[in-house]
Structure formats: C-alpha cells, structure tokens
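Student: I have a model open and would like to learn how to read its features. Could you walk me through it?

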Amino acid sequence: MQGGFEYASQPRSVAVKRSKYREPTAQYVVTASQASNNDKGQNLMYDRRIVRGSTYAKPVVLEDSAATSPARPSRLPKKIQEVDSLASSTRPLTPPPMDGRQHMDIQTENYLEELTDKVPEADVETQTEAFMDQLPVPLFVPQKRGVDASTQIDHGDLFDFDLEVAPILEVLVGKTLEVSVMEVLEEEEVKELRTRQDIFEQARNAELAEVQRLEAEAKRKQEEKTRRLEEEKARVVAQAELQEKLAARSFAKHYLADLHTAVFSTLVTTGHFQDPMEKEVTEAFMPYLIQRACVNVEQIAFSRALAEVLVDEAIHKTSSSFDPVRVVNSNGFPYHALHVSTFKKTPACNHICSMFKANDQGEDDSVIDSIPETRDDRQDKLRKAFAEGLGTMILVLIGDGVVAQTVISQQMELRNAKLTSNPMDVTAFAGDWMSISLGFGIALMLGIYVSGGVSGGHLNPAVSITMAVFKKLEWSYLPYYIGGQTAGAFLGAVFVYLGYRPAFVDLNIWDQTTAGIFATYPKSHMTLVEGFIDEIVGSFLLLLGIFAITDKRNNPADPGSRPAIIGMLLAGIAMSFGYNTGFALNPARDFGPRLFTLMAGWGGNVFVYGNGYFWVPIFAPVFGGLAGAFVYTYCIERFHPQYVPGNRPSSSTIDEDMA
C-alpha cells in the first residue's frame with residue numbers, strides 16, 4: 001500500500017467465553033407445556049406486551065402483575081418461583097398483637113397519601129386550535145426487559161496501541177502542530193506585511209501632500225513674483241510719466257512766471273483792469289472817512305475834558321441840593337443818580353442831566369465811576385446759587401442716569417444667565433464705559449448752557465474755588481455757589497433713584513455695586529494715595545482746559561460753543577483717566593449723591609467702602625484744579641502780548657473789548 005499504514009499481524013477475532021447468542025431471560029421464557037396449554041400465546045392478538053393504539057392512552061401492564069391477571073398462570077420458571085416463595089417465607093412478619101389489643105395500619109411513607117381502592121379521576125376538557133397540527137404518534141419503544149450484557153476487550157485483543165497507534169498519532173499530531181505553527185507564522189507575517197504596507201502608504205501620502213504643498217507654494221511665489229514685477233514695471237512707467245509731467249510743469253511755470261507778471265503789470269498800468277469801486281474808495285471815500293474820524297476824535301476828547309470839569313464843579317457846588325435816587329443803567333447794575341428836579345436851573349445842572357441821559361443809552365459809563373454803588377448782593381447771590389444748583393442737578397440727573405442704566409442692565413443679564421444656566425449675552429447691556437463718558441459730557445454741556453448766562457456755569461466747587469483764588473469770583477459768592485451745587489447734586493440723585501426704584505427693589509442689591517451708581521469708588525487695585533493722584537490729574541486737565549477755552553487772548557472758542565467743548569473735554573478725561581476711580585473731578589457731584597445713598601438705604605457703608613475713600617473726591621479735585629489754573633496762568637497767560645492803543649495787535653485773538 002502506497003502512503004498508508006500496515007499492521008504487524010493480521011486481525012483476529014476476539015476470544016469470548018460466552019455463547020454466540022443471547023440467552024433468553026427467565027421472565028420471557030415460555031415452556032412447551034405452557035405453550036400447549038395456552039394456544040393464544042402464539043397469537044400476537046393475545047400478547048399483552050403489545051399495546052395497540054397510542055402508548056399514552058393507557059399504561060402498559062406487565063404480565064407478571066398479579067393484580068391485573070390473577071387467573072393467568074405464571075410464565076416464570078419453577079426455579080424462580082421457588083426462589084420468590086422462599087424469600088417471602090423468610091421475610092420477617094409483624095408479631096401478633098397482645099391480648100386485648102389490635103394492630104392499626106400506619107402510614108410509613110414520607111408523605112401522607114389517602115389509601116383508596118379507586119384511583120381518583122377527573123375529566124378535563126381542552127380546546128385545541130382550529131388549525132393546530134396533529135402531533136405525530138411517538139414511536140413504540142418497548143420496555144426493557146432483558147439483562148444487560150457487557151463485552152470486555154482485553155489488552156492486546158485487537159491491536160497493540162504503543163506499536164501500531166502511537167506512531168500514527170505522533171505523526172498526525174506532529175504534522176498538525178507543524179502546520180498550525182506554519183499557519184500562525186504566516187498570519188503574523190501577513191499582518192506585519194500589511195502593517196508595513198499601511199505605514200508605507202501613509203508616508204507616501206504625506207510625501208505626496210508635501211510635494212503638492214511645495215508645488216503650490218512655488219507656484220504662488222512665482223505668481224507673486226510675476227505680479228510684483230508687473231507692478232514694479234507699471235510703477236516705473238508711472239514714475240517716469242510723473243517726472244516728465246513735473247518737469248514740464250516746472251518749465252512752464254518758470255517760463256510763464258515773468259511773462260505773467262509783466263503782462264498783468266502792463267495791463268494794470270495801461271488801465272485795462274481798473275476797478276471803478278476800488279478807485280472810488282481809494283480816491284474819495286477813504287479821505288473823507290479819515291477826515292470825519294479825526295473830527296469825531298477831537299470832539300470826544302473835548303467833551304471828556306469838559307465833562308470832567310463840569311462834574312467836579314457840580315459835585316463841589318451843588319452836593320447839598322439833590323436827593324439820591326436809585327437808577328439802573330443799561331448793564332443791569334444799580335447806581336445813585338441825581339434827581340433832576342433838585343438841581344438849580346444852571347447850565348452845569350442841565351449839562352449833567354444830559355450826560356446821565358447819555359449814560360442810560362449806553363454810550364459812556366466812566367462818568368459814574370466815582371459815585372458809590374449799593375447793589376442788592378444777597379438777591380444776586382441767591383439767584384446765582386439757584387442757577388448753579390439747577391445746572392448741577394442736570395449734570396447728576398443725566399450722568400448718574402446713564403450709569404444706573406448700564407449697571408442695572410448688566411446685573412439683570414447676569415441674574416438671568418445664572419437662572420437659565422446660559423452664557424451671559426453682552427449685547428443685551430444697555431450701556432458701557434463709552435456711553436457713561438459721553439453721557440457725563442452731554443450732561444455737563446447742557447448744565448452750562450442752562451446756568452452759564454446767570455452764574456457762569458461752574459457746576460463744580462473745585463472750579464468755583466479756583467476762580468475765587470484767581471480773582472475771577474468774589475469770595476462772598478463762594479459759599480452760595482458751593483451750597484447750590486451740592487444741593488443740586490443731591491436732588492439729581494433723588495430723581496435718578498425715583499426713576500430706577502423698581503429695578504433697585506427687584507435686584508435687591510444694596511452694596512457697593514449699586515452705590516457706585518451715585519457716588520464714585522476706587523477699583524480693588526487702587527490705594528487711597530493712588531486714587532488721590534488720579535483725581536488730581538483729572539482735575540488738573542479739566543481746569544487747564546477750561547482756562548484755555550475761555551481765554552479770549554489765546555485763540556478762544558466761540559462763546560456759544562464753549563459748553564460743548566468743555567463737555568467734550570470731560571468725556572475725554574473720563575475715557576482716559578476715569579476707570580480707576582470713576583472720575584468724580586467734582587466734590588459736589590460726589591458728596592451730594594453719597595449723602596443721599598446714606599439716607600436711601602445703603603447705610604453708613606457708603607463712607608467706608610474703599611478704605612474710607614469718600615474724602616478723596618472732596619479735596620483732590622480742588623488741589624488738581626488749582627494746579628491746572630496756576631500752570632496755565634503763569635506759563636501761558638502771562639506771556640500774551642500786551643495791547644498798546646494805536647498799534648496793530650500781533651494776534652487776531654485779542655479780547656474784543658480791549659480792541
């Protein structure tokens with residue numbers, strides 16, 4: 001046999017020590033006499049071992065059951081019957097009962113059961129489905145009645161395992177293991193090859209991408225180079241054309257300059273460009289005007305000298321013959337005039353009356369300089385204090401209103417973001433630092449427009465103190481100015497609170513966050529000294545700008561535009577130096593609203609926040625304003641050219657009154 005295996009010996013049958021056929025069991029052995037006595041046993045119709053119909057219909061009854069067939073003779077062999085009878089005779093029986101007693105049946109099983117002759121039966125009805133398949137009839141499996149027999153195969157009966165099977169198994173197992181190892185190694189090699197292939201493809205793709213990027217970059221550089229070369233060529237051409245045009249223009253200008261002057265001089269000389277109006281003004285009007293001016297000047301000088309003589313004479317001779325009467329001149333200032341009816345009818349008296357009449361018409365007020373004035377100062381002070389209070393109230397009402405709108409909108413949006421767990425929408429804010437700065441600038445502008453014609457529109461104690469120090473405001477007016485400004489700031493804060501009171505109640509925030517709407521507080525990174533310096537710098541710029549804007553001899557602004565320019569100045573200072581401390585720059589604007597917050601529910605903490613910062617906005621603006629005014633007065637104003645009558649001013653910005 002090619003490629004197969006051969007046995008060392010021929011196969012041989014197994015030697016057994018039993019008969020070839022199975023011996024019948026005594027239970028099923030039927031003797032000849034029994035067979036002859038019962039012919040029905042030869043017919044399958046009478047064989048009780050055969051169950052007709054379904055095996056589930058009734059239980060299988062064995063032939064050796066005495067209860068089912070007591071009349072049938074036993075088919076067991078006689079020897080077996082003798083053994084059974086012997087076993088039953090040797091079984092121990094229950095001893096007889098004692099005298100006067102009797103046995104009682106006792107249930108010895110683990111579970112009690114009722115002993116009846118008739119097995120309980122119950123009828124159960126079941127409804128099958130309309131189209132349920134009929135179950136197949138199970139195969140008949142007769143009950144095992146024989147005796148199990150075993151066949152023992154001894155060692156060496158069939159073949160020698162060590163000699164005949166072990167080599168084959170070793171070859172098969174070894175070959176199988178070898179093939180398995182080869183397959184595993186092949187799979188690992190294939191996996192490694194695929195990994196290397198993926199790495200190679202990735203590297204190749206990266207190289208291709210890099211090559212494409214380099215090609216695109218080189219192409220872009222080439223295009224950029226070409227574009228720049230074209231632009232440079234176009235620039236060179238345009239520059240050449242421009243140089244040619246400039247050269248042509250310069251040549252034409254130099255060539256035509258002398259020609260133009262010569263031609264026009266010739267034409268003017270010959271009278272071709274003579275202006276009739278200019279000729280008339282030059283030859284007729286100007287000589288007449290100069291002559292009339294000289295006559296008027298002589299008359300005025302003579303009249304002044306005569307008036308001085310007449311006034312001196314009238315004062316000395318007629319001082320006891322007149323009663324004082326209060327008269328108000330055209331400028332609004334009261335003075336004592338002379339009642340005309342008390343004068344004696346003299347030429348000097350008539351001349352004095354005519355001079356007072358001329359003064360009432362606003363021609364010359366120098367005649368009453370020596371007469372004492374008795375103005376109602378208290379009424380004038382109250383009027384100016386009211387004007388300052390109204391202007392300061394407008395400043396605080398608009399400025400703090402902008403701050404309140406900005407802060408309240410931010411706090412509302414912050415609260416809504418916390419409740420909804422959504423990011424805060426900064427576009428929902430109703431203001432920012434820019435709007436606050438512009439709002440205060442507009443408020444200052446409007447306040448100056450309202451009160452400037454009555455009190456000058458200071459709206460700031462620092463400005464009023466500076467004006468008093470530099471003799472631009474009487475010291476007796478200073479308390480009225482400061483009182484009116486502080487009261488106006490207080491009222492402005494009251495109106496702002498009333499306007500936003502529902503929002504304050506809704507937020508229920510009574511700390512420095514909302515108190516900062518009315519008064520100024522420093523940031524956390526600022527100390528008292530740093531805040532003091534910051535306020536000084538801001539006030540320095542404010543007063544320096546005010547002195548420059550209102551100086552009539554240093555390119556002054558138009559009187560109607562000065563409030564707007566000062567408002568822009570305040571907005572600029574707020575945008576540059578306002579973040580650190582809130583740019584109070586005004587003691588009344590800070591102290592009045594701070595006093596209101598003390599009484600409105602914020603409590604005494606308004607004077608504690610910022611390590612007691614409340615005194616800084618009161619004193620720092622005063623020092624800063626004085627410094628700014630001092631620098632401008634002694635560094636700029638003192639160097640203005642002095643105006644000399646009869647000489648032409650060196651600048652067109654000299655005060656109109658002096659001109």
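**Rings, helices and backbone**

Tutor: Let's start with a cluster: ring pairs link Phe490, Tyr497, Phe504, Phe518, Phe596 and Trp602. This is a predicted model, so local features need pLDDT of at least 70 and side-chain atom pairs count only at pLDDT 80 or more, while totals for chains, interfaces and linings use all residues. Residues are numbered from 1 along each chain as its sequence is written, and side-chain values use heavy atoms, with hydrogens and water left out.

Student: How do I read a ring pair?

Tutor: A pair of aromatic rings is described by the distance of the centres and the angle of the planes. Rings of Phe, Tyr and Trp (its six-membered ring) pair if their centres lie within 6.5 Å; planes under 30 degrees apart are stacked, over 60 edge-to-face, and the rest tilted. By that rule there are 18 aromatic pairs here. Take Trp433 and Tyr579: they are edge-to-face, with 6.3 Å from centre to centre and 75 degrees between the planes.

Student: Which parts of the chain does the pair of Trp433 and Tyr579 link?

Tutor: Distant ones, 146 residues apart: Trp433 is in helix H7 (residues 433–455), and Tyr579 is in the loop between helix H12 (562–577) and helix H13 (587–600). Helices here are DSSP runs (H or I, at least four residues), strands are E runs of at least two, and both are numbered from the N terminus. Trp433 counts as partly exposed because its relative accessibility is 31%; buried means under 20% relative accessible area, exposed over 50%, and partly exposed in between (1.4 Å probe, protein chains only).

Student: What about Phe630 and Tyr634: what kind of pair do they form?

Tutor: A tilted one, at 4.7 Å centre to centre and 40 degrees between the planes. Phe630 and Tyr634 are four residues apart in helix H15 (residues 616–635), so about one helical turn separates them. Phe630 is partly exposed at 47% relative accessibility, and Tyr634 is partly exposed at 41%.

Student: And when does a charge sit over a ring?

Tutor: When NZ of Lys or CZ of Arg is within 6 Å of the ring centre and within 35 degrees of the ring normal. Here the charged end of Arg594 sits over the ring of Tyr521, 4.8 Å from its centre. Arg638 lies over the face of Phe639, 5.3 Å from the ring centre.

Student: How do H9 and H13 pack, and at what angle?

Tutor: Axes are lines fitted to C-alpha atoms, for helices over the stretch in contact, and angles run from 0 to 180 degrees between N-to-C directions. Helix H9 (residues 478–507) and H13 pack at about 50 degrees, with their axes 7 Å apart. That makes H9 oblique to H13; under 35 degrees would be roughly parallel, over 145 roughly antiparallel, 65 to 115 roughly perpendicular, and the rest are oblique.

Student: Where does Leu585 lie, and is it buried or exposed?

Tutor: Leu585 lies in the loop between H12 and H13, and counts as buried at 3% relative accessibility. Its phi is positive, about 55 degrees, although it is not a glycine. Lys471 also has a positive phi, near 60 degrees, in a residue other than glycine. Lys471 is in the loop between H8 and H9 and is exposed, with a relative accessible area of 77%.
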